[in-house]
Every structure is written in structure tokens, then in C-alpha cells.
Amino acid sequence: MPYERWAPKVVRSSSGIVAGLTAAALAAIGFLAYQASADVPSGLGSSRAADSSKTEAAKAPRDRQHPTALPAASGTGRRVVYSVDDDRVWLVGAGDRVKRTFKVTPGTVDPAPAAYIVTSRSGKITGSDGVAVEHVVRFTKVSGVAIGFSAALNGTTTAPAPSKKLGGIRESREDGTAMWEFATIGTRVTVIK
């Protein structure tokens with residue numbers, strides 16, 4: 001008797017095999033994605049700062065003998081460091097070398113201490129306080145108020161009226177030029193106390 005007559009016939013459709021393989025691949029990818037996300041620190045991959053309303057951030061340690069020195073625990077790598085307590089900025093290059101540090105005049109709305117990235121820039125605009133500004137480098141929003149660095153075209157760095165909600169952190173025109181050249185889109189901005 002020929003083999004074909006007594007052997008059971010197995011009929012497999014190619015679409016059934018493909019569907020089975022696809023389902024197995026999706027399950028494996030889903031498992032691997034879950035496993036990877038379980039080990040990721042919270043906030044990683046997010047351009048928004050972590051919610052700091054629940055815990056008070058500690059002030060980064062300072063060198064008392066060198067008050068303009070880069071504070072310890074202010075991050076690593078190429079970045080802008082902004083201290084809301086000291087009203088000071090550090091432009092930090094490769095190897096944690098400070099390229100420039102300068103005083104700034106903050107707006108009336110401060111960003112929470114956290115890590116951000118530069119999200120937008122404008123060459124020349126009118127600030128929310130009505131002052132013509134240049135070299136605007138924005139990195140976050142707080143309650144709808146844009147927060148960023150800028151320099152007034154008239155060179156002033158006076159404190160804004162406390163009755164207005166303003167997020168512009170003013171710097172001199174010379175410092176504004178340095179910030180503009182350093183802080184391109186995607187540059188990290190570390191805000192500390």
C-alpha cells in the first residue's frame with residue numbers, strides 16, 4: 001500500500017503559521033519591554049521634571065571658600081546648571097569643566113529643582129514683561145509660564161514686578177550670547193537649589 005493512502009493528511013495553511021509566529025513574537029517583545037521598563041529609573045526618557053511638590057529638594061553642597069565654584073551633585077557631562085537660590089548659572093563643558101559662570105536675575109516663577117533639556121530658542125522677541133529680548137533659551141513651563149534664559153536688548157537686568165507671573169531668567173547681553181552659543185536644542189539644564 002502506498003504511503004499516501006494510509007498516512008494521515010496534515011493540512012497547514014501558511015496564514016496560520018504566520019499568525020502563530022506573529023503572536024509568539026509579539027508576546028516575546030511585550031515581555032522584554034516589560035522587563036526593560038521595570039529596571040528604568042522613574043523620569044528617565046521624560047523631558048518633564050519629576051514632581052517635586054511632594055519632597056523638598058536638598059541644596060547642592062557648595063564650596064564655602066569658592067562661592068562661584070560649580071556645586072557638587074549638580075550632574076555630570078555637558079550641561080547648564082542654574083541655582084535658584086544663588087541666582088547663578090554655570091555653563092559646564094566636557095569633563096565637568098566650567099566654561100563660564102555668571103549671575104542672573106530670575107523671573108517671578110521658578111522652575112523646580114530637576115533635570116530638563118532645552119526645548120526651544122528664539123533670536124529676538126518681546127518678553128512677557130514687554131521688554132525686547134534676545135537669545136531666548138527655554139527649557140520648561142510652570143503652570144503655563146515659559147521658563148528660560150534671555151538678555152534684554154537695552155542691557156538691563158532689573159528684577160521684574162512681583163505682581164506678574166514671569167519666567168524669564170535675565171542675563172547680561174554678553175552672558176546671553178555665551179548661553180545662546182552653548183545651549184542648543186537638547187542641551188541638558190540642571191536646576192538646583
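Is Y82 buried or exposed? I found Y82 buried, with a relative accessible area of 0%; buried means under 20% relative accessible area, exposed over 50%, and partly exposed in between, with a 1.4 Å probe and protein chains only.

**Entry 1: the model**

I noted that this is a predicted model, in which local features need pLDDT of at least 70 and side-chain atom pairs count only at pLDDT 80 or more, while totals for chains, interfaces and linings use all residues. Residues are numbered from 1 along each chain as its sequence is written, and side-chain values use heavy atoms, with hydrogens and water left out.

**Entry 2**

I looked up the strands, which are DSSP runs of E with at least two residues, just as helices are runs of H or I with at least four, both numbered from the N terminus. Two strands pair if DSSP finds at least two bridges between them. The bridge partner of S83 is I192 in β9.

**Entry 3: the four-stranded sheet**

I then traced an open sheet of four strands, ordered β5-β6-β7-β8, again with mixed pairing. Strands β5 (120-126) and β8 (168-171) stand at the edges with a single partner strand each, so one side of each has no neighbour in the sheet. Strands β6 (residues 132-142) and β7 (residues 145-152) pair in the antiparallel sense over seven bridges. They form a hairpin with two residues between them, and S143 in the turn has a positive phi of about 50°. Four bridges join β7 to β8, and these two strands run parallel.

**Entry 4: F149 and its strand**

I followed F149 next. V137 stands opposite F149 in β7, and F149 stands opposite I169 in β8. F149 counts as buried at 1% relative accessibility. Seven of the eight residues of β7 are buried.

**Entry 5: the aromatic rings**

I searched the whole structure for aromatic pairs and found three. Rings of Phe, Tyr and Trp (its six-membered ring) pair if their centres lie within 6.5 Å; planes under 30 degrees apart count as stacked, over 60 as edge-to-face and the rest as tilted. Y82 and F149 form an edge-to-face pair, 5.7 Å centre to centre with 85° between the planes. Y82 lies in β1 and F149 in β7, so this pair ties together parts that are 67 residues apart in sequence. Ring pairs link Y82, Y116, F139 and F149 into a cluster.

**Entry 6: the nonpolar core**

Which residues touch the most other members of the largest nonpolar core? I found V80, V89, F149 and M179, in a core of 23 residues. Such a core is a set of buried Ala, Val, Leu, Ile, Met, Phe, Trp, Tyr and Cys residues joined through side-chain atoms within 4.5 Å. Strands β1 (79-83), β2 (88-92), β4 (114-117), β6, β7 and β9 (188-192), together with helix α3, each supply at least two residues of this core. In soluble globular proteins, nonpolar side chains tend to be buried together.

**Entry 7: charges over rings**

I checked for a charge over a ring, which requires NZ of Lys or CZ of Arg within 6 Å of the ring centre and within 35 degrees of the ring normal. R78 lies over the face of F182, at 3.9 Å from the ring centre. R121 lies over the face of W180, at 3.6 Å from the ring centre.
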